[in-house]
There are 2 protein chains.
Amino acid sequence: MNKTALVVYAHPEPTSLTRRFVMETVGTLEQLGHTVMQSDLYGMNWKATFDEADFPCRINKDRLAFIQESGHAYATRQQTQDVAEEQRKLLAADAVIFHFPLWWFGMPAILKGWIDRVYAYGFAYGYKGEGNRYRYGDGILKGKRALLSVMVGGPAKDYSPRGINGPLEELLFPITHGALFFPGMDVLSTHAVYGTGKLEPSVAEAEISAWRSRLEHLFDEAPIPFRHQNGGDYEGHVLAGHISSGRTGLAIHVDEGRADQGIDQCQT
Amino acid sequence: MNKTALVVYAHPEPTSLTRRFVMETVGTLEQLGHTVMQSDLYGMNWKATFDEADFPCRINKDRLAFIQESGHAYATRQQTQDVAEEQRKLLAADAVIFHFPLWWFGMPAILKGWIDRVYAYGFAYGYKGEGNRYRYGDGILKGKRALLSVMVGGPAKDYSPRGINGPLEELLFPITHGALFFPGMDVLSTHAVYGTGKLEPSVAEAEISAWRSRLEHLFDEAPIPFRHQNGGDYEGHVLAGHISSGRTGLAIHVDEGRADQGIDQCQT
């Protein structure tokens, strides 16, 4: 069945590996019969900084409170046009793919600013005016899929389960769990290419080919089995004592029983 | 002894709790006889997006490669003035304090863009032209202290060791370990205020008072005992097998033996 995908990307150089992956994404998905929307953040000159210009019709002109103004602007349809347009794309998408280089173990600022600004109160959080009731598996983006495609300058070893940088999937947890699963999306395990600073052309081609294969399963691959807030594993938003008993850290929010991929759980 | 501190902050509203903490920081440190420099990112209209405008004198005008241009601009003193000025402040500081609201489990984009742009190749990474040799405890900022002061909208429980958001110190690991310890700074444990969306005035006053007490120990508090890359715990940038044996995840990069604070290591 034909689906709709949104591709959000953050690299200004058309010949970069990030952009070559974007081209592959658009080409492959269209070839599979899907519809593709694009958000080329550098090309759009996306405004990264969330500030007073985001609220042309303030509820309180004396004091800037972001959550209050964000909620007001969203509810009264007085957001800026660029933000409203990205929300429209998100709602229209069945899957959202993010392409970006890993900069200081996270998103480039322009992409973080896309999250900061597009994720309005009432939309991505405070859904249905119910505070934290709908999140982590429930929310306005429930049923959609999300996938990060990340270009990493350093070697894979440094991001391995005991590598010095920390495991990549845990470094990205604030994004996968905190920004994508939070408003309800099913998040696939991150697709990373390492050592991108000095990739041989033949290796780059092999990586693009591997990405193409991955894309073919965009709509049937099993997502990271993050635990749903409202699925019975949490008591008052804290993991119930009998689950992952005695353990702490980020990986306990992945359901090992359901896990066939995702955050590395090995205790070897 | 009198020291010099740099305060970097990211909130545009002068009456926000973030800015009240900034005022407390400046006032308290000056009262203690220290010199304080400020980087008011919103006030400076800091450019968040790292792009071609960062490289007025390109080494390659046909293709934008960030690491190459960053290294060239830094080495030849052709960086933009705003970036060079922030690097000068970092080098002049004995301690750097960051004040920001937690947005989507990370820094506001304007602050991420400060890291992206100021952390040039040859300065914060690739130090001395030696690739990854000097990092995680070694680097250009070695001997300086760093401290995050974070305003968190949600309740502390959700960020507790088994809370649904993940423990705050692990969510911030890409910043504390990845951006601050990386170029050599000693990082103190994060100072967080929770539930900032609806803080009673008396509670806010108590939080400011607690922060003042913390500041008084800025230069004698024990930092998070992150393991030094070149301290003998790593073999080829992977944690040696006999250390934190059988474990994975972010917390293994904290030396429990030295730990009297920092990332929660409990297995209770």
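**View 1. The annotated domain of chain A.** The unreviewed UniProt entry annotates a "Flavodoxin-like fold" domain over residues 4–215 of chain A; such annotations may be inferred rather than shown by experiment. This is a predicted model, with pLDDT of at least 70 needed for local features and 80 or more for side-chain atom pairs, while totals for chains, interfaces and linings use all residues. Residues are numbered from 1 along each chain as its sequence is written, chains are lettered from A in the order in which they are written, and side-chain values use heavy atoms, without hydrogens and water. Over residues 4–215, chain A is 35% helix and 15% strand (DSSP runs: H or I, at least four residues; E, at least two; numbered from the N terminus). The end C-alpha atoms lie 13 Å apart.

**View 2. The surroundings of Asp138(B).** Asp138(B) sits in the loop between α4 (109–118) and β4 (145–151) of chain B. Beyond four places in sequence, its contacts (heavy atoms within 4.5 Å) are Phe182(B), Pro183(B), Gly184(B) and Asn230(B).

**View 3. The largest cavity.** Its volume is about 240 Å³ (the space filled by probe spheres set on the grid points, which are joined across faces, edges and corners). A cavity is a set of points on a 1 Å grid over the protein atoms alone where a 1.4 Å probe fits but cannot get out; lining residues have an atom within 4 Å of a point. Of 18 lining residues, Phe105(A), Gly106(A), Met107(A), Gly106(B) and Met107(B) lie nearest the centre. α6(B) gives the most, three residues.

Key:
1 Å grid on protein atoms, 1.4 Å probe; cavity = no way out; pocket = protein on both sides within 12 Å on 5 of 7 lines; lining within 4 Å.
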